[in-house]
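The following questions and answers concern the terms used to describe a predicted model. Each answer sets a computed value against its cut-off.

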Amino acid sequence: MPQSALFDPGNVRLLDSAGKERPVQTEVLSRWVKDGSIRSLLVEFDASLAQRTDSRYQLQYGGENRVESAKKDRWIEDRGDTIRVNTG
């Protein structure tokens, strides 16, 4: 990613060729030293591919782009001896 373009991995979304948002899992692999923005981001998703067809996906990031699940009231809280999960 360009420096200063993305700080929160929740500010990405993946769209399929029909413009539908696809669920993703992300992991920050490295950050820029100067400002802490994301330098390298692993994006994992399930792709449904039919035989002998092309599929295109678009990764959007920054600004108003949010993973749909991040828009909802979902969170994980680690309290040491217990982990609480709110799935919305």
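Q: Why is isoleucine 76 called exposed?
A: The relative accessible area of isoleucine 76 is 65%, and exposed means over 50%, so the residue is exposed. Isoleucine 76 is found in strand E6, residues 75–78.

Q: What makes up the nonpolar patch on the surface?
A: The patch is formed by Ile76, Ile83 and Val85, which together have about 330 Å² of accessible area.

Q: Why is the pair of phenylalanine 45 and tyrosine 57 called tilted?
A: The structure holds one aromatic pair. The ring centres of phenylalanine 45 and tyrosine 57 are 4.8 Å apart, and rings pair if their centres lie within 6.5 Å. The planes stand at 55°; under 30 degrees would count as stacked and over 60 as edge-to-face, so the pair is tilted.

Q: What does this pair tie together?
A: Phenylalanine 45 and tyrosine 57 both lie in the loop between strand E4 (38–44) and strand E5 (58–61), so the pair ties together parts that are twelve residues apart in sequence.

Q: Why is tyrosine 57 called partly exposed?
A: Its relative accessible area is 28%. Buried means under 20% and exposed over 50%, so tyrosine 57 is partly exposed. Phenylalanine 45, with 31%, is also partly exposed.

Q: How do you know that strand E1 and E2 pair?
A: Two bridges join strand E1 (residues 12–15) to E2, and pairing takes at least two bridges, so the strands pair. They run antiparallel, and leucine 15 stands opposite glutamate 21 in E2.

How values were computed:
Residues numbered from 1 in each chain as written. Predicted model: local features only at pLDDT ≥ 70, side-chain atom pairs only at ≥ 80, totals over all residues. Heavy atoms only, no water. Phe/Tyr/Trp six-rings, centres within 6.5 Å; stacked < 30°, edge-to-face > 60°. Helix = DSSP H or I, 4+ residues; strand = E, 2+ residues; numbered from the N terminus. Buried < 20%, exposed > 50% of the residue type's maximum accessible area, 1.4 Å probe, protein only. Patch = residues over 30% accessible without salt bridge, like charges linked within 9 Å, V, L, I, M, F, W, Y side chains within 5 Å. Areas by Shrake-Rupley, 256 points an atom, 1.4 Å probe, with all protein chains shown as cover. Salt bridge = Lys/Arg side-chain N within 4 Å of Asp/Glu carboxyl O.
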